[in-house]
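This report covers a pocket, a strand residue and a helix. The sequence and model come first.

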Amino acid sequence: MAQALDIATWDLECEFNNTDHRTELNGMDRLIVRRGQPFSIKLKLRYGEYQAGLSSLTCIAETGPSPSDQYGTRAVFDVDAGSDNPSAWSATVTSPPGNVVALSICPAADAPIGRWTLTLAGSCRIDFILLFNPWCSGDSVYMDNEEYLKEYVLSQDGIIYRGTLEQILPFPWNFGQFEYGILDVCLKILDTNPKYLRNPGKDCSGRRNPIYVSRVLSAMVNCNGDAGVVLGRWPALDKMSSDNPYEGGESPMSWKGCVDILLNWDSSSCSPVRYGQCWVFAAVACSVSRALGIPCRVVTNYISAHDTNRNLLIEYFYDENGRNHGRDMIWTFHCWVENWMTRPDLKPEYDGWQVVDPTPQEKSEGVYCCGPVSVKAVKEGELATKYDAPFVFAEVNADKVDYIRQADGSNKKMTSFTGVGQKISTKSVGNDRREDITHLYKYPEGSEEERETFRKADHLNKLLHRQESQGLKLAIEVATEKRKGCDFDVIAVASNSTTSEKKCRLLFSSMAVSYTGVVKDNCGFKDLLNVELPPGGERRVPLRLNYSKYCDALTEDNLIRLAALLVDHSTKETIFTLRDIVLDNPEIKVRILGEPKQNRKLAAEITVQNPLPEPLSNCCFSIEGANLTGGKTIKERLESTVEPGEDAKVKIYFKPNHSGLRKLVVDFNSSKLCHVKGYKNVIIGK
């Protein structure tokens, strides 16, 4: 009969194991490993020695409040029992006979992620955290590209894209998924979700599946209907007063990273953090996904549709000032995330990137969540695939039809030129350049593949609605320099390609607008009743935008919507065009003083020039960066005002705690110039 071992002490070898499992940035004080990959522990016996065939050692691995074999949250296995099944736990002795036993334990490649307890010989209890393993070929999040893994799992910072279709703006972000305490918060998010509260055993079992986990995170990142992390607020959409729309919280523009957001949610007994908008929701989802081991990236879609009635048709009803009175919406941009995984519930070709959208827009199965839905399925128009394919398909493919509201109350269809779903963007792998991934979501316009996709999606009306005016054209040109604080011209260009003279009415307006498309105050307007266009000729109509007029109208998005309307007096044909422009903030200059080394104090000298024709007060610089600022935001306020043309300058000290390439993210805020972003890549030596 085999002799049971009597274990006196044990060594979890956290430094070796965590480094081997690429979790060392979480710290070395506890065991954090990935499934499907062995980790080692050393056992010191109280007496006797381990001998193969003569000694026995039973292991019991358990997770969740009620571990069970049925749910796969409990596994019992013997040392050296031998198993080639990647879905089974195993343990092997790797040391020669003696009173110190080196044990190699391999968790199942499909084991639920979370907190586990491993009991050896009935007395030795080992606590550890188990994560997804995209380096393991047996894991459903396996990604066979080391550079991609560095970017989509290990990178703690990145770029999120905002701005407009014509002027895409990089927005630096600190994901900070390995900062102290963040992994515990991510696990707490899973333990706070309503599915866990209803049935903990079933929920913990579901954590073996990245599809399930991604769907839970999509719901829990927003707080609609649960104790989720972030409360959304869109003052323009909610028709709130502009005096202090973010009272009781922070403007979504103020956030530079996810660490403060996640730690604030945790420290406030799971009260939602106020406030977020789409890029904040997406960034938090990215941080949590990467922390748990799911490859993830933030994606921005420009001219993004919100189809409220799921008919793939976005109808806008404009008045002469360019204000929409319909319910459907098109956002200047919208952010979501893509998570990488296999989809055994779908066809094999739908493995890979999956859209997960945590911004609370529409309910899915009674919950404010969206996805995961295969990017490939969206491209192919397979709208029956799980989850929420019709909504995501509409975001990038919906047909926009514009109407002008006549004086008598009737609506007249207009010829317009707005294409939904353009320049879909994400940060490139290994550098800060933008990668255009539109081709992953859509076939080229006019191609046979596009026609087949629309046929499958019952969206042939989009092909039928494609039209252009046969004779009149209308476009908007914008000055190269659109710096906030200056006056500049925008130009409506009306042209006539027919052989007869045209007499038209031209309306040209400019209005402050939020990125969600809600129009605010007027910034300038022209109404020309008699515009004569000779055959083959054009008319250029300038509109001056003065800072004195737009300064108080702008939202934090710095967006102005230009709308031009051309009406042919003889045929009553109406042509309409829109263009959103974003005003340029000044550049933030960052200079690192001192030799960047681990655990050595550094200074960042930060400078920004006041471009406005009025002084800035209440000026504040703030910085943060993964492994640079200790998981905290460091602030420095200026006591004096900054006059027009003058520099605001500070020196902020910080101490990096890890070597490698890091991103220092900077924010400048003041009374009139709000949340200007900048960053500096810093290589920290050992």
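## The second largest pocket

The lining of the second largest pocket comprises 24 residues, and K150, L154, S155, L661 and R662 are those nearest its centre. A pocket here is an open set of points on a 1 Å grid over the protein atoms alone, where a 1.4 Å probe fits, with protein on both sides within 12 Å along at least five of seven lines; lining residues have an atom within 4 Å of a point. The space in this pocket is about 670 Å³, a volume being the space filled by probe spheres set on the points, which are joined across faces, edges and corners.

At least two lining residues come from each of α2 (146-154) and β37 (660-669). The largest share, four residues, is that of α2.

## Basis of the model

The model is predicted: local features need pLDDT of at least 70, side-chain atom pairs count only at pLDDT 80 or more, and totals for chains, interfaces and linings use all residues. Residues are numbered from 1 along each chain as its sequence is written, and side-chain values use heavy atoms, with hydrogens and water left out.

## E605

E605 sits in strand β33 (residues 602-609); strands are DSSP runs of E with at least two residues, helices runs of H or I with at least four, numbered from the N terminus. Its relative accessible area is 16%, so E605 counts as buried (under 20%; exposed is over 50%, partly exposed in between; 1.4 Å probe, protein chains only).

Leaving aside residues up to four places away in sequence, E605 contacts K589, V590, R591, L593, K649, V650 and K651 (heavy atoms within 4.5 Å).

## Helix α3

In helix α3 (residues 182-192), eight of the 11 residues are buried. These are I182, L183, V185, C186, L187, I189, L190 and T192.
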